[in-house]
Each structure stands twice: as C-alpha cells, then as structure tokens.
Amino acid sequence: MTLTLEVNQLKKQFHDKSILYDLSFELHKGEILSIVGPSGSGKTTLLRILAGLEAPTDGSIVMQGKNITDKKANKRNVSLVFQQPLLFPHMTVKENIRYGAKIAKKDLKKTDQLLKSIGLELYADHYPSELSGGQKQRVALARAMATEPDVILFDEPFSSLDPKLRQEMRYWVRQFLVERSITSIFVTHDIDEAMIMGDRIALFHEGTFQQIDRLSTLHEAPANAFVARFLGGHLVIDSDHYAPLSSCYLSASDAGEDPRTFEAAVQQVTYQNGQAIGHIYVDELNEKVSLPIKHFNHNDRIKLYIAKSMIRRFGGSHL
Amino acid sequence: MKSLKNRTSLLLLPSMLFLLLPLYGMVAAIHQSFSVNNQWTLQNYIQLLESERFVASTIFSLKTSLAATLISLVIGLLLTRYFYTFLERNTPRLMVWLPMLFPHFVWGYMVILVLSETGVVSQMLQAAGWISSSSEFPVWTRDSQGIGIIITYVWKEVPFVILMLLPVYSSIKSEYHDLVKTLGGNRWHRFKTVEWPHILPVFIETFLIVFSFTLAAYEVPALLGTTFPEMLSVLSYDWFYGSSWDDRPLAFAAMVLLSLGVILLTAAAYLFLNKKRWKAMRGRST
C-alpha cells in the first residue's frame with residue numbers, strides 16, 4: 001500500500017536560524033495527524049512548506065509516490081484551511097466553494113454535493129458577510145475539499161471561534177474527515193484539540209517532532225521530559241526519569257514501602273468536572289503538577305510520595 | 001429621536017448656506033441656457049448640437065480626457081501593485097506625491113519647458129547630435145492630438161491614483177494570495193479574485209474624479225491645446241468672454257450638458273457599486 005504522504009529529513013533555515021530540522025513522518029490514506037506544540041515554534045512554517053508556499057532548505061516531500069518537493073503551491077494536490085476563513089467576500093457561498101474546483105476543471109456537481117454536506121444548502125446564494133463564524137469556517141473547509149486534494153492541511157482553523165462553537169466544530173470536522181477518509185494534518189497549540197482531532201499526535205518542539213504516536217502510547221511511554229511536561233500526566237524527576245501522576249500520593253501509607261518523598265506547596269485549588277484539583281509546586285524539582293486533592297488548602301506545605309517501583313525511564317517509541 | 005434629527009439638520013445649515021452661492025450660479029446658468037429673450041426655449045441646445053465646432057470639441061474632449069484618465073489609472077495601478085511595500089515608506093511615498101504639490105498650470109508650463117520643440121529635451125537631443133534641428137523634434141505640445149494635455153494630466157494624476165490605491169493595496173491580506181495558490185490559482189487568478197475586487201470601488205471612484213476633472217478643467221488645455229479642435233472648457237470660455245454676448249447661452253448650455261454627463265456617469269457608477277455583490281465586498285449584508 002502506497003503512503004499518501006512521506007516527509008523525509010525536512011530542514012528549513014531562515015538566515016542562520018534553524019526553524020525545522022530532520023523532520024520525518026509518513027501518513028496513510030485517510031489518516032489524521034495532529035501536530036501540537038507551543039505557539040511560535042514553527043508549526044505554521046511546516047504547513048506552508050507542505051503546501052508549497054515556502055521551499056524547504058533540505059529534505060523531500062513525496063505524495064502518492066511522487067516527489068513534489070520542487071512543485072509550486074498551485075501545482076500541488078494539497079489544500080490549506082487557514083486560521084481565518086478567508087472567504088472571497090464578493091462571491092456567494094456557492095461561488096466560493098466552486099472556486100478551486102473551477103480552476104482545476106473538476107466536476108461541479110460534486111461541489112454542490114459538498115454544499116449539502118456542510119448543511120448550508122439554504123445559504124448557497126448568500127454572501128460571506130451574512131454568515132456566522134462557524135458557518136464561514138465550514139464553507140472554507142468545503143472550498144478546500146472541492147479541489148479533491150490528496151491531503152488537507154489545517155492551520156489552527158478554530159482559533160477565531162468562541163470556545164463553545166470551537167468544541168462543536170472539532171467534533172463536526174473530525175467526523176466529516178473520518179466519514180470521507182480524507183488524509184489530513186491538523187496543527188494546533190491546544191493539546192485537547194490535538195487529542196480530539198488526530199488519530200496520531202506529533203509533539204512539535206524546537207524544530208522537530210519530539211514524539212509521534214497514538215495518544216495512549218504518548219501517555220504510557222513519553223519519549224522525553226518535554227513530552228511528559230507538555231501532556232501534563234507525569235511528574236518529571238530528572239532528564240531520564242518520570243513518574244505517572246497516578247502513582248503520586250499525598251500520604252505515605254498509599255505509596256507502599258520505602259517511597260521517594262518530595263517537598264511541595266499547594267499554590268492554588270481549582271475544580272474540574274466537580275473535583276477539587278490542587279496545583280502543586282514541587283520545590284526540589286522545580287516542577288508543577290496538578291492532582292486531585294481533598295484536605296489541603298491554598299499555600300499549605302505538603303509532601304509527595306512515590307513508590308520507587310513506579311519511577312520509570314523515558315524512551316517510548318521515539319518516532 | 002425627532003429632536004435629535006432636527007438638531008442634525010441644524011448642524012448642516014451653515015454648509016447649506018455656503019452652498020447656496022454655487023447653487024445659485026448653477027441655477028442661473030441652467031436658466032440662461034434655456035432662455036432667449038426671457039422666453040423658455042430649447043433653441044440654445046439645438047444650435048449647440050448642430051454646431052460642428054461643439055461636436056468636434058466634445059469628441060476631442062472625451063478622447064483626450066478618457067485617454068489621460070485610463071493611462072493614469074493603468075500606470076498608477078501598476079506602480080502601486082509592484083511597489084506598494086516600497087511606497088509604504090515615507091521618503092519614496094513623498095517623492096511619488098511631489099507632482100501633487102504643484103498647481104496644474106505650473107505643471108503644464110513645466111511640460112512646455114521640457115517637451116516643446118525648443119524645450120530642454122529637444123535641446124539635449126540636439127547637443128547629443130541625435131537630431132539636427134528643433135523641427136525634427138515631434139510636436140508634443142500645442143498639438144492637435146492633445147498629446148501635451150494628456151502628458152501633463154498623466155504626470156499629474158498618477159500620484160493621485162497612487163494616493164487613492166495605496167491604502168487599499170496595503171490592506172489586502174497576504175493570506176488571500178496564499179489561499180488562491182493552494183486552490184490552484186496562478187498570478188492572473190490572484191489579481192482577478194483578490195486584488196481587483198478590493199480595488200474596484202476605489203478604482204471607479206478615482207476614474208470618476210480624474211475623468212470629470214480632466215474633461216472640464218480649463219488651464220491645462222488653454223496652455224497646451226490648439227485652437228481647433230479645442231477642449232470643451234476652452235470653447236465655453238471663448239463663447240463666454242467672446243466679443244459678442246450672443247454666444248453666452250451656448251457656453252451655459254455646453255457646461256450644463258457636460259455636468260449632466262458627469263452626473264449620469266456618477267449615478268451609473270453608484271448603482272453598479274450598490275449591487276449586492278459589491279456591498280458584500282464592503283462587509284454589508286443589506
């Protein structure tokens with residue numbers, strides 16, 4: 001089975017600054033990959049390179065078995081959905097969706113089908129200024145799909161929506177892509193969004209993927225301290241060792257015999273899903289963790305107990 | 001709410017009073033154009049339309065100002081399109097806008113100094129040995145084709161076109177260009193779908209301003225034109241200040257027709273830009 005997308009040893013430098021290095025991954029047909037990482041880390045640059053809007057300094061991009069590294073954006077079978085919907089304001093919803101398909105001389109019946117599937121048939125002849133934020137982004141998605149691309153790239157497409165709508169759109173878009181088995185890459189800085197959208201998640205930091213795995217693998221076997229900290233389910237003890245938060249206790253008796261002990265302070269107590277959560281600062285490790293907490297309050301000094309047998313070494317499947 | 005409305009109209013009063021003056025002039029001109037010996041008549045207009053001089057002048061005026069306007073718009077558009085990031089900086093922008101500081105009359109005089117048969121360029125070409133006498137230099141000023149007028153206007157209006165288009169070009173999001181690329185579009189598609197719809201309203205507006213100005217302004221054609229065919233403004237001036245007073249109503253009638261033409265053109269542009277598509281372009285849904 002040929003891979004839909006194969007990225008090998010991608011590098012990008014601006015002047016002397018390295019934005020991407022040794023970035024490799026592959027995507028199968030119908031797979032959705034979430035790329036998550038801190039803002040300003042170069043995720044957008046990666047997408048722009050994949051779309052052909054920027055050239056990589058080194059490395060190759062192979063799509064459907066063909067090397068497209070030197071192909072211009074308008075000759076690549078890749079669509080990009082931007083942060084803003086960027087609909088053409090002087091075109092109706094229908095004209096917007098048809099735009100790319102018309103240039104590519106694709107069957108326009110299919111684009112009318114798309115209009116139906118995004119649930120905006122009644123708005124076919126409306127102009128973008130008459131649509132809500134969520135509707136606009138749906139039209140932008142339909143327009144990106146109308147060219148029948150091999151891969152659709154999403155660059156934080158929901159960041160301009162309000163939180164409730166954003167949540168709805170995540171599920172809607174995910175289902176939409178899965179039903180049609182559309183290969184896609186979804187970039188976000190929000191780990192929750194990455195978890196909802198992706199079949200696999202790539203953690204992007206300092207110009208490369210720190211780990212790329214299914215969600216469960218990421219949690220069970222983080223590759224390094226960055227991954228463990230970013231996901232937030234572990235206490236990082238040193239650059240080689242960590243302990244899952246599920247094995248960190250606030251009383252010595254729960255942690256079994258001869259536990260390791262860390263001094264800590266409760267910085268803040270908040271509630272999540274009806275449960276009190278303590279935001280705890282571990283002085284000795286200079287680490288912050290969040291744990292369910294019952295008897296303690298703001299500013300209390302506490303001790304954290306971890307059974308020695310629960311302390312693990314980093315090194316899940318690294319790429 | 002009613003009292004508020006009244007107050008707004010009160011605020012308009014001073015400017016309305018001020019406008020009375022030109023309004024009186026206009027009404028008087030229209031009145032005179034329709035009267036002979038204090039009798040209402042269309043005679044002036046009939047005489048005007050039958051006058052060969054007027055018809056030739058109209059055709060010449062339309063041709064000259066249309067050429068000047070379109071050339072200015074195209075050059076202004078190209079300069080803005082290719083240099084707008086450069087023009088956003090202060091010094092280049094001021095340099096481009098420099099011709100706007102001079103009155104049209106001064107600019108016309110400068111064109112004569114530079115481009116007439118005995119002008120600076122001609123003398124430089126003679127000195128360089130490219131031409132042997134000033135008679136070999138083409139007639140570009142006070143010519144029957146209106147070339148001098150067109151050159152003066154283009155030189156003067158290109159900066160104005162840039163002034164109008166620059167803010168529009170700066171406001172176009174570069175992501176739109178990327179978007180069209182990812183949808184398979186080439187350079188032409190990018191211009192057609194991204195730039196053109198953005199600039200169209202301002203483009204039309206600028207066309208109207210430059211066209212109606214060049215069509216009716218007096219000083220440049222008076223300085224750089226010939227006696228036949230002459231621009232409408234020069235002809236009207238002639239009729240107005242001519243030896244006999246008999247031609248005065250003709251001058252009024254000519255100017256009234258000119259104004260009517262400009263008003264109709266503006267109305268057509270207004271109706272076009274008020275179509276739903278172009279309203280939507282400005283983010284308005286109704």
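## A walk through the model: strands, spaces and salt bridges

Both Glu195(B) and Arg81(B) are buried, where buried means under 20% relative accessible area, exposed means over 50% and partly exposed is in between (1.4 Å probe, protein chains only). These two side chains form a salt bridge, with their closest N and O atoms 2.6 Å apart. A salt bridge here is a side-chain nitrogen of Lys or Arg within 4 Å of a carboxyl oxygen of Asp or Glu. Glu195(B) sits in helix α9 (residues 187-216) of chain B and Arg81(B) in helix α3 (residues 52-87) of chain B, so the pair ties together parts that are 114 residues apart in sequence. Helices (H or I, at least four residues) and strands (E, at least two) are DSSP runs, numbered from the N terminus.

A quick word on the ground rules. This is a predicted model, in which local features need pLDDT of at least 70 and side-chain atom pairs count only at pLDDT 80 or more, while totals for chains, interfaces and linings use all residues. Residues are numbered from 1 along each chain as its sequence is written, chains are lettered from A and ligands numbered from 1 in the order in which they are written, and side-chain values use heavy atoms, with hydrogens and water left out.

Back to salt bridges: the whole structure has 22 of them over all chains.

| Pair | N to O distance |
|---|---|
| Glu195(B) and Arg81(B) | 2.6 Å |
| Arg98(A) and Asp112(A) | 3.2 Å |
| Arg301(A) and Glu263(A) | 3.7 Å |

Take the salt bridge between Arg98(A) and Asp112(A). Arg98(A) belongs to helix α2 (residues 93-103) of chain A and Asp112(A) to helix α3 (residues 108-117) of chain A, so this pair ties together parts 14 residues apart in sequence. Arg98(A) counts as partly exposed at 23% relative accessibility, and so does Asp112(A) at 28%.

Then there's the salt bridge between Arg301(A) and Glu263(A). It links distant parts of the chain, 38 residues apart: Arg301(A) is in strand β17 (residues 301-306) of chain A and Glu263(A) in strand β14 (residues 260-272) of chain A. Arg301(A) is partly exposed, with a relative accessible area of 49%, and Glu263(A) is partly exposed at 35%. There is also a network of salt bridges, which links Arg48(A), Glu54(A), Asp178(B) and Lys181(B).

Strands β14(A) and β17(A) also run antiparallel to each other, joined by 6 bridges; two strands pair if DSSP finds at least two bridges between them. Thr261(A) stands opposite Tyr305(A) in β17(A). Both strands belong to an open sheet of 5 strands in chain A, in the order β13-β17-β14-β15-β16, with antiparallel pairing. Its edge strands are β13 (248-249) and β16 (287-292) of chain A, each pairing on one side only.

Elsewhere in chain A, look at strand β7 (residues 151-155), which pairs with β6(A) in the parallel sense over 4 bridges. In β7(A), 5 of the 5 residues are buried, so the strand is largely enclosed by the rest of the structure. Val151(A), Leu153(A) and Asp155(A) point one way from β7(A), while Ile152(A) and Phe154(A) point the other way. Strand β6 (residues 78-81) of chain A does something like this too: Val78(A) and Leu80(A) point one way, Ser79(A) and Val81(A) the other, and all are buried. Val78(A) has Val151(A) as its bridge partner, and Ser79(A) stands opposite Ile152(A).

β7(A) also pairs in the parallel sense with strand β8 (residues 184-188) of chain A, over 4 bridges. Leu153(A) has Ile185(A) as its bridge partner there.

On a 1 Å grid over the protein atoms alone, a cavity is a set of points where a 1.4 Å probe fits but cannot get out, and a pocket is an open set with protein on both sides within 12 Å along at least five of seven lines; lining residues have an atom within 4 Å of a point. Grid points are joined across faces, edges and corners, and a volume is the space filled by probe spheres set on the points.

The largest cavity holds about 30 Å³ of space. Its lining includes Val78(A), Val151(A) and Leu153(A), and β4 (58-63) and β7 of chain A each supply at least two of the lining residues.

The largest pocket has a volume of about 330 Å³. Of the 13 residues that line it, the closest to its centre are Met26(B), Ala29(B), Met255(B), Val256(B) and Ser259(B). The largest share of this lining, 7 residues, comes from α12(B).
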